[in-house]
Amino acid sequence: MCIRDSFISFIVGFYSFKPKGYFDYKGFKVYKTKLPGINVNFYVIPVKSYSGKIIQTTLRNDPRSFENISVDVRNSLYGNITKVWLTSSPELPSDSIIAQGEIGRFSEALGLNTSYALTENISNYNTIDCSDANSNVRVIEIREGNKSRVYSEGYCIIIEGSNANEMIKVSDKFVLTWLERLALKAKEELS
C-alpha cells in the first residue's frame, strides 16, 4: 500500500473524539488527554487519510517541548518504503522500548509492514542493524548518545538520546517530523 494512498490529506477537521481543549501546532490541532487509569499526559493529533480513515497520532510529550531537537533526515527517506525495521541494542534501558513502540504504532498506522529487532543476536529475535537498510527498507535504530537528535546514515534513521526519557522524546519528534513531511507532500500533490 502506497503512503500517498494510505495517509494524509492536509485536512485536519475530522475527529473520532474531541477531548476538551486543543492548541494549534504547525497547522495541526493537538489535544492533551489522559487515558483512564494512567496518570500520564498524551498529546493526540487526529488527521484524515486519503481513504477517509481517521489516524490518531499519539505523542507522549508536548510537541512544543522538543523544538530544540535536531532532525537531519533527507526528505526522500520518508517515502518509498515497503518495510520498516525498528531496532536497538539489548543493552539499552528497558524503558527505551517505548521509543520503538511510539514509532512502530505510527508506521503501522501508515499501513507499512513494520517489525521489531535487536542489533545483536539474542535468543530468537531478529538481528537487524543499519547495514540492512536500503532504498525500500528503512531501519530505524534507537541508540544511546550524548545528544538528543535524529539523523540518518544512508537509508538508516537513527534516534539518539542520553536516556530512556530522551529517547522517547526524540522518537516523538521524529514521528511529528514524519507527519509534517507527509502533510507537506500531500499538500504539494493536491496543488
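Select Glu102 and its surroundings: Glu102 touches Thr58, Leu59, Arg60, Asp172 and Val175, leaving aside residues up to four places away in sequence. A contact here means heavy atoms within 4.5 Å. The model is predicted, so local features need pLDDT of at least 70 and side-chain atom pairs count only at pLDDT 80 or more, while totals for chains, interfaces and linings use all residues. Residues are numbered from 1 along each chain as its sequence is written, and side-chain values use heavy atoms, with hydrogens and water left out.

Stay on Glu102. Glu102 sits in helix 2 (residues 97-109). Helices (H or I, at least four residues) and strands (E, at least two) are DSSP runs, numbered from the N terminus. With a relative accessible area of 3%, Glu102 is buried; buried means under 20% relative accessible area, exposed over 50%, and partly exposed in between (1.4 Å probe, protein chains only). Now show the side chains of Glu102 and Arg60, which a polar contact of 2.7 Å joins. A polar contact is a pair of N or O atoms within 3.5 Å; within protein, one must be able to donate a hydrogen and the other to accept it, and residues adjacent in sequence count only if both atoms are side-chain atoms.

Two strands pair if DSSP finds at least two bridges between them. Strand 3 (residues 41-48) and strand 4 run antiparallel and are joined by 6 bridges.

Move to Cys130, in the loop between strand 7 (113-118) and strand 8 (137-144). Is Cys130 buried or exposed? Cys130 counts as buried, at 16% relative accessibility. Cys130 touches Val139, Glu141, Arg143, Cys156 and Ile158, again without residues up to four places away in sequence. Gly154 is 24 residues from Cys130 along the chain, and their C-alpha atoms are separated by 8.3 Å.

Finally, colour by pLDDT, the predictor's confidence in each residue, from 0 to 100. The protein chain averages 84, and 84% of the residues score at least 70. Among the elements, helix 1 (residues 3-6) has the lowest mean pLDDT (34) and strand 9 (residues 149-153) the highest (97). Over residues 1-18 the pLDDT is below 50, and this stretch has 54 contacts in the model beyond near neighbours in sequence.
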